[in-house]
Amino acid sequence: MEPTPTLEADYVITGAGTTALAFADTLLSDSTATMVIADRRAKPGGHWLDAYPFVRLHGAAAVYGVNSQPLGEGVVDSVGLNQGLNELASGAEICAYFDRLMQQRLLPSGRVTYLSRHEIGADGVATSLVSGRRTRLVARRKWVDAARADSQVPATHGPRFRVAEGVRCVTPTQLTQLAEPASSYVIVGGGKTSIDTALWLLEQGTDPDCITWIRPRDAWLLNRADIQPTLAFAHSTLEAITAELELARDAASLQELFAALEARRLLLRIDPAVEPTKYRCATVSEAELAQLRRIRRVVRLGHVQAIERDRIVFAQGELATSPGGVHVHCSAAGLPHAPVEPIFQGERIVPQYVRRCSPSFSAAFIAHIEATLESDEEKNALCRPVRVPEVPLDWLRMHVDSAANQWRWSQRPALQEWLRRSRLDAFMGLFEQAGRQAASEGDMRWAELQQRLRDARAAGIKRMGELLAA
């Protein structure tokens, strides 16, 4: 038996998705470290490689990806359901972007080795899924567990319910490959994948009355118009941030706060008559919301337990179905639910959110902290994890935890300068640019808006904490 060869680098990064690549890109810029990136997929890009053909980012491309490379063309969409807002990159564009990053920046640096189609064992041995060749990986400094953040999609995570023989149950990708129309469509799931699938079916001209949407739980959705990280939208974006804090400051209860957020269109829901019990950072435009409301056949009988040839079985009842219909599995978990743990753990780094709903930024920030500070205690003090959201209360919790991190960062001028230059942060540099433009034009609205923000920030965050505690 041949001895297992050893491959050494300062950092071994498991996974090659958004988190891994944003981390590696910043570490390349901010240190002299060498890296091995090992992943079981054939190309860099993580879950985007497995996603359905019509997938798009649900936030602006301007703040996604890695710090060193822009994503997209920097334009405002002129057609479609995102018209008037910053462009949304498609899945194909994102995969091509990450492949270019690997081929044109990471590998040419001479400091990155990439092992595609490799499974990493608990013993640190990488086994090729193509040749079977084994390589022992040695991290001179740290292992980076970026695979922990990998999203679950229907193509890789099958349904958690039984499907009887003869039932047509497909993934969103398989939906696009059907050779003939179906008599009806049943969408199973209530998250971002199901929203995308519903919008795609409607875009293809499907009669909304031919669509049944099984939504065990409704979700609060973010209004994309309020999260636009470019100069043309600086006033409206800062207005939205300020309004969130003002509404929280003045809220007498959680119910009053969420009602006020909805009235201001900061939070949206598909059915105004159904109280959301879920929040996952999903983002929609008002035009998308109007389309989703065209689907009136919505079923809320709990999670699907089985799909038989003539009926769908739930924990709380049954629903008739037809062998001629197509059932679309959109119920994969999406964002991972791993428990929060310290990010810096001696010889191991576990990337997590350090700002609400910001995977790219969080990974890049963690890499910068790793490259510029020494002790894990100091690093962890600046990188308190912001948990992945699940329920509406997490909207508050993410605000409070993100604000606490932001305050800690504000005490360090060097960190402030890094944030100012970061493409993935966007807002600090954007608001400073907007302030300079307003001053040169004599526009007092910006100064008034900033004063409102200063007046609301501390009191708003304090009230959020009180509502959480209650």
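**Close-up views of a predicted model**

**View 1. Gln 352 sits in the loop between S20 and H8.** The model shown here and in the views that follow is predicted. Gln 352 is buried, with a relative accessible area of 11%. Apart from neighbours within four places in sequence, the residues in contact with Gln 352 include a run made up of Pro 339, Val 340, Glu 341, Pro 342 and Ile 343. Gln 352 is also in contact with Arg 148, Ser 362, Ile 366 and Pro 385. The C-alpha atoms of Gln 352 and Ala 149 are 7.3 Å apart in space, while the two residues are 203 residues apart in sequence.

**View 2. Cys 281 and Cys 357 form a disulfide.** A disulfide is a covalent bond between the sulfur atoms of two cysteines. The count for this model comes to one disulfide. The sulfur atoms of Cys 281 and Cys 357 are 1.9 Å apart. The torsion about their S-S bond is about -65°, so the disulfide is left-handed. Cys 281 is buried, at a relative accessible area of 7%, whereas Cys 357 is partly exposed, at 26%.

**View 3. Cys 210 is in no disulfide.** The nearest cysteine sulfur to that of Cys 210 belongs to Cys 330 and is 17 Å away. Cys 210 is partly exposed, with a relative accessibility of 29%. Cys 330, in turn, is buried, with a relative accessibility of 4%. For Cys 330 the closest cysteine sulfur is in Cys 169, at 9.3 Å, which is too far for a bond. The cut-off for a disulfide is a pair of cysteine sulfur atoms within 2.5 Å.

**View 4. Helix H6 (residues 254-263) has buried residues along one face.** The buried residues are Leu 257, Phe 258, Leu 261 and Glu 262. Seen down the axis of H6, these residues fall within an arc of 130°, so they line one face of the helix. Gln 255 and Ala 263 are on the other side of H6 and are exposed. Several elements take part in covering the buried residues of H6, among them helix H5 (234-250), helix H10 (393-410) and helix H13 (444-469). Strand S11 (219-223) and strand S12 (267-268) are also included in this cover. After H6 comes Arg 265, which has a positive phi, near 70°.

**View 5. The largest cavity has a volume of about 60 Å³.** Rolling a probe the size of a water molecule over the atoms shows where empty space is left. A search of the whole structure finds one cavity of 30 Å³ or more. The lining of the largest cavity includes Arg 215, Arg 217, Asp 218, Ala 219 and Leu 221. Gly 190, Ile 195 and Ile 270 also line the largest cavity. By class, this lining has four nonpolar, three charged and one polar residues.

**View 6. The second largest pocket has a volume of about 520 Å³.** It is lined by 20 residues, of which Arg 56, Leu 81, Leu 199, Glu 203 and Glu 288 are the closest to its centre. Helix H4 (192-203) and helix H7 (286-292) are the elements that give two or more residues to the lining. H4 supplies the largest share of the lining, six residues. Sorted by class, the lining of the second largest pocket has ten nonpolar, seven charged and three polar residues.

**View 7. Ala 61 lies in the loop between strand S2 (35-38) and helix H2 (91-106).** Ala 61 is buried, with a relative accessible area of 0%. Leaving out neighbours within four places in sequence, Ala 61 is in contact with Leu 71, Glu 87, Ala 89 and Arg 423. Gly 110 is 49 residues from Ala 61 along the chain, and the C-alpha atoms of the two residues are separated by 28 Å.

Key. Residues are numbered from 1 along each chain as its sequence is written. This is a predicted model: local features need pLDDT of at least 70, side-chain atom pairs count only at pLDDT 80 or more; totals for chains, interfaces and linings use all residues. Side-chain values use heavy atoms; hydrogens and water are left out. Buried means under 20% relative accessible area, exposed over 50%, partly exposed in between (1.4 Å probe, protein chains only). Helices (H or I, at least four residues) and strands (E, at least two) are DSSP runs, numbered from the N terminus. The arc is that of the directions from the helix axis to the C-beta atoms. Contact means heavy atoms within 4.5 Å. On a 1 Å grid over the protein atoms alone, a cavity is a set of points where a 1.4 Å probe fits but cannot get out, and a pocket is an open set with protein on both sides within 12 Å along at least five of seven lines; lining residues have an atom within 4 Å of a point. Grid points are joined across faces, edges and corners, and a volume is the space filled by probe spheres set on the points. Ala, Val, Leu, Ile, Met, Phe, Trp, Tyr, Cys and Pro count as nonpolar, Asp, Glu, Lys and Arg as charged, and the others, Gly among them, as polar.
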